[in-house]
Each structure stands twice: as structure tokens, then as C-alpha cells.
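Thanks for coming. Please look at the sequence and the structure on the screen while I talk.

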Amino acid sequence: MLDTAIGPVTNFTGGNTFQLNVTHIGKHNKFRYNSYETVNVANNNTGYMLNTLIGMRVICHVRYRDVYNRLYADVFLESQ
């Protein structure tokens, strides 16, 4: 099962990357997460363009952390 990081998008940094304010994590998580994480999006399942997600709460199913310490994750709106 993938780790989960949940919170509002605080900043769009370009391309497929945004800043996430991690407010909740999954109970099953294997790794620790910082209060703010940079997320590189593997699959955008929100139905929105990434630059319009600022302020919206999202769920990130984390696949791995890349060499730049970014989370590589599938992204969903929290309400889905």
C-alpha cells in the first residue's frame, strides 16, 4: 500500500510540481513527511489543471521520493 500525504496546495511551482502543506498522513505510512513537501505529479486525478489547485485539499498517494527530495505521487481531490 502506498503512503498517503494530505493537505492544501500552497504554491504551483511549474510543470507537474506544486507545494503541499502536509496536515494529515496515512496511518499505514512507512516514512516520515515534513510539514511542507514538494510534489511531482505522476497522475493528476483531480479533474483540474494543477495551477488551479492552490488552496484545495488533495490526497497524494506517494510512489517514491526522487533524487531532488520531491514526492512523486498520484494526486486526488480530498472529496473523491
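Arg65 counts as partly exposed because its relative accessibility is 30%; buried means under 20% relative accessible area, exposed over 50%, and partly exposed in between, with a 1.4 Å probe and protein chains only. This is a predicted model, where local features need pLDDT of at least 70 and side-chain atom pairs count only at pLDDT 80 or more, while totals for chains, interfaces and linings use all residues. Residues are numbered from 1 along each chain as its sequence is written, and side-chain values use heavy atoms, with hydrogens and water left out.

What does Arg65 meet in a salt bridge? The partner is the side chain of Glu37, at 2.9 Å from N to O. A salt bridge here is a side-chain nitrogen of Lys or Arg within 4 Å of a carboxyl oxygen of Asp or Glu. This pair links distant parts of the chain, since Glu37 sits in strand β4 and Arg65 in strand β5, 28 residues apart. Strands are DSSP runs of E, at least two residues, numbered from the N terminus. Glu37 counts as buried because its relative accessibility is 2%.

The structure holds 4 salt bridges. Another one joins Asp74 and Arg63, with the closest N and O atoms 3.0 Å apart. Asp74 is in strand β6 and Arg63 in strand β5, 11 residues apart. Asp74 is buried at 12%, and Arg63 is partly exposed at 41%. In one more, the side chains of Asp66 and Arg70 meet at 2.8 Å, N to O. Asp66 is buried at 16%, and Arg70 is partly exposed at 23%.

Now a residue without such a partner. Asp3, in strand β1, is buried yet has no salt bridge. Which side chain of opposite charge is nearest to Asp3? That is Lys30, 6.2 Å away; Lys and Arg count as positive, Asp and Glu as negative, and His and the chain ends are not counted. The side chain of Asp3 does reach the backbone nitrogen of Lys30, at 2.9 Å.

Last, the nonpolar core, meaning a set of buried Ala, Val, Leu, Ile, Met, Phe, Trp, Tyr and Cys residues joined through side-chain atoms within 4.5 Å. The largest one has 17 residues, and Val75 is among those that touch the most other members. At least two residues of this core come from each of β1, β2, β4, β5 and β6. Strand β6 gives the largest share, 4 residues.

Definitions and conventions:
Polar contact = N/O pair within 3.5 Å; in protein donor to acceptor, adjacent residues only side chain to side chain.
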